[in-house]
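Subject: Structure handover

Hello,

Here is the structure for you to look through. Please open it alongside this email.

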Amino acid sequence: MFRQAAGYMADAVLAGGTVYVYDKEKSLMVDANTRASGLAITSNYYNMDYVLTTNDVLLISSIEPDDAGDIEKAKKVKSEGAKVVAFTSTSIESREARGTITAEIADVVLDNGSPEVSGLCTAEG
């Protein structure tokens with residue numbers, strides 16, 4: 001999956017496209033824009049007003065795999081022909097999903113392995 005995601009990004013760069021980032025929690029955005037001094041082809045933040053093309057990629061980080069805002073953005077980008085790479089959980093174990101999850105829309109899913117949403121976990125003591 002990592003190679004496929006990297007391939008989409010490389011194809012976007014070679015075609016003159018842009019790698020957009022959408023990340024409410026800002027963790028992915030920091031990595032995408034500061035590692036190796038940031039990529040010049042990386043847009044700091046995806047905005048719903050943007051119209052993407054088949055030459056573009058959206059990297060989306062979704063803590064809650066069924067977040068309505070994340071799903072709306074992923075569907076819009078896909079409808080415009082761009083690729084969607086999602087950093088998200090592929091399942092929700094703590095409750096029933098509220099419908100579609102981001103992983104079902106994305107072209108590539110890099111599963112964060114989180115069994116819970118919003119960083120919820122149990123701790124003894």
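Below are the findings, from the overall layout down to single residues.

This is a predicted model: local features need pLDDT of at least 70, side-chain atom pairs count only at pLDDT 80 or more, and totals for chains, interfaces and linings use all residues. Residues are numbered from 1 along each chain as its sequence is written, and side-chain values use heavy atoms, with hydrogens and water left out.

**Overall layout**

The protein has four helices and five strands. Both are DSSP runs, numbered from the N terminus: helices are H or I with at least four residues, strands are E with at least two. Along the sequence the pattern reads α-β-α-β-β-α-β-α-β. Buried residues make up 40% of the 125 residues. Buried means under 20% relative accessible area, exposed means over 50%, and partly exposed is in between (1.4 Å probe, protein chains only).

Next, contacts, meaning heavy atoms within 4.5 Å. Take those between residues at least 6 apart in sequence: 67% of them join residues at least 24 apart. The protein exposes about 7000 Å², and carbon and sulfur atoms supply 53% of that. Accessible areas come from the Shrake-Rupley method with a 1.4 Å probe; for residues, only the protein chains shown count as cover.

**Helix α3**

Start with α3, residues 68-79. Its 12 residues should span 16 Å at 1.5 Å a residue, and its end C-alpha atoms are 16 Å apart, which agrees. The expected span is 1.5 Å times one less than the number of residues.

What caps the N-terminal end of α3? Asp67 does, with a side-chain oxygen 3.1 Å from the backbone nitrogen of Gly69. After the helix comes Gly81, whose phi is positive, near 95°.

The buried residues of α3 are Asp70, Ile71, Lys73, Ala74, Lys76 and Val77. Look at the spacing of those numbers as you read on. An α-helix has 3.6 residues a turn, so residues three or four places apart point the same way. The buried residues of α3 pack against β1 (19-23), β3 (57-62), β4 (83-88) and α4 (102-105).

**The cores**

A nonpolar core is a set of buried Ala, Val, Leu, Ile, Met, Phe, Trp, Tyr and Cys residues joined through side-chain atoms within 4.5 Å. The largest one has 18 residues. Those with the most contacts inside it are Tyr46, Leu52, Leu58, Ile60, Val77 and Val84. β1, β3, α3, β4 and α4 each supply at least two residues of this core. α3 gives the most, with three residues.

Val77 touches Tyr46, Leu52, Leu58, Ala82, Lys83 and Val84, not counting residues up to four places away in sequence. A second, separate core has 10 residues, including Ala5, Tyr8, Val19 and Val57.

Ser62 lies in strand β3. Is Ser62 buried or exposed? At 0% relative accessibility, Ser62 counts as buried. Its side chain makes a polar contact with the side chain of Asp70 at 2.7 Å. A polar contact is a pair of N or O atoms within 3.5 Å; within protein, one must be able to donate a hydrogen and the other to accept it, and residues adjacent in sequence count only if both atoms are side-chain atoms. The side chain of Ser62 also reaches the backbone oxygen of Glu64, at 2.7 Å.

Thr102 lies in helix α4. Thr102 is buried too, with a relative accessible area of 0%. Leaving out residues up to four places away in sequence, Thr102 touches Ile60, Ser62, Pro65, Asp70, Ile71, Ala86 and Thr88.

**Aromatic pairs**

How many aromatic pairs does a search of the whole structure find? It finds three. Rings of Phe, Tyr and Trp (its six-membered ring) pair if their centres lie within 6.5 Å; planes under 30 degrees apart count as stacked, over 60 as edge-to-face and the rest as tilted.

Tyr20 lies in β1 and Tyr46 in the loop between β2 (42-43) and β3, so the pair ties together parts 26 residues apart in sequence. Another is Tyr20 and Tyr50, tilted, at 5.5 Å and 45°. Tyr20, Tyr46 and Tyr50 form one aromatic cluster.

Best wishes
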